[in-house]
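Walk through this fold with me, one element at a time. We begin with strands and their crossovers, then turn to a helix.

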Amino acid sequence: MTFYVARQPILAKDKSLFAYELLFRQNLVNAFPEINENEATAKLIEGLQFNLGLDNLTDGTFAFINFTHDSLLDGFPLLLPKEQIVVEILETVKPGKKLLAACVDLKQKGYTIALDDYEHSAVWLHFFPYVDIIKLDYSLTKEDQFHEIIEAIKPFPAIKLLAEKIETHQEYQHAIEIGCDYFQGYFFSRPEMIKTVAFNPTQLSVIQLMSELNKNEPDVTTITSIFESEVNLSFKILRYAQSPVFKRRAKIETIKQAVVLLGLSELKRFVSLLFTAQFSADKPEELTVMSLARARFCELMSESHKQSSAFLVGLLSLLDAMVDAEITELMDKLPISEEMKQAIIQRKGKTAEFLTLCELYEKADWDKIDQYCADIKVCADKSGEVFQHALGWASLTMQTLR
């Protein structure tokens, strides 16, 4: 799944970066799509949640996010961290008692609130004690309106002014003169399009499982609760734990029982398989089989070198093809060690050598295989047998994941 967003910087008086305004996009066309504002807000929040980190889009600053009347009453801002966002109330929102109550609640919970494209009206005075920033639209606001707003906020010194849609140096100077603290517009930068990878809830659950299992002391209760939160994952672990491969006589009836009986080593393998299946759902089955074969090949070839991460390195090596994204970006989002990332991206380390050898077998590049085996000091005949075994194992394993 691909997530598109445009971001435009918001600068402080010293022209340092204060925040970004994030704008929903449906594709690489840098314009607001033909959907209603409620849907745009919902899709932006969904994308941010599945994107594994707001920091990736804002460089550790604030994110200004537009909220509609309905999304504010429904508590959508609460889905995002208060330390990272500015709740921007759209200019189309009509003030009322329910909206005021929502703003009071957000303020009490520690959120920063901004009024977008503000046009002064006496009814908004009830909101001023809870407002942190007022945005002045330089494409619409006239001189007398600027002064009207400045007079209105005098009793509320905590409110800061943000000049937006600044397109000329003259407008910038004017904004400074009337006391604006923040600045935004084409004069500084046009919105920048960003294409990134977003993940669905099940994929996020699998990533959380990977993260927990890679800890020094994984918590069984946490692992169990993650499985229980996803019906699809619950079904798969129960089916996997009762697979004929394990030759268990006792019937497994609970998720916790399955987690405990599988054990840490087998559970790591199973979650890795789940990961591959989830991220290759819309791709040819052969791609999943290939990633599983790589995982098994690297694992078996690494047994004498005690490379416990070899299976996962092989498994993740085709992730970019599965989700149509840059491998570097994907590795940054995953809870794996730096050593594993270097093996996959830069092909450094012993496991990377086995991964390269596996690729040669995939291409049937026999001329290079013998020489490469000699270079890395492994038996060509034995590695060929391992590759054939890995292919058979991968095909059988796919039947378990269907």
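In this predicted model, strand β7, helix α6 (residues 169-177) and strand β8 form a right-handed β-α-β unit. The two strands run parallel, and 2 bridges join β7 to β8 (residues 182-183). Look at Ala-163: its opposite number in β8 is Phe-183.

Now turn to the other pairing of β7. Strand β6 (residues 133-137) also runs parallel to β7, and 5 bridges join them. Take Lys-135 as a landmark: its bridge partner in β7 is Leu-162. β6, helix α5 (residues 143-152) and β7 make up a right-handed β-α-β unit.

How many of the 5 residues of β7 are buried? The count is 4, so strand β7 (residues 160-164) is mostly covered. In a regular strand, side chains alternate between the two faces of the sheet.

Next comes helix α8, which spans residues 220-228. Four names matter here: Ile-223, Thr-224, Ile-226 and Phe-227 are buried. They lie on the same side of α8, because they cover an arc of only 160° around the axis. What covers them? Helices α7 (201-213), α9 (231-241) and α10 (255-279) are among the elements that do. The face of α8 turned away from this buried side looks otherwise: Thr-221 and Glu-228 are exposed there.

Terms used: Residues numbered from 1 in each chain as written. Predicted model: local features only at pLDDT ≥ 70, side-chain atom pairs only at ≥ 80, totals over all residues. Heavy atoms only, no water. Buried < 20%, exposed > 50% of the residue type's maximum accessible area, 1.4 Å probe, protein only. Arc of directions from axis to C-beta. Contact = heavy atoms within 4.5 Å. Pairing = 2+ DSSP bridges. Right-handed = clockwise from strand over helix to strand, strands pointing away.
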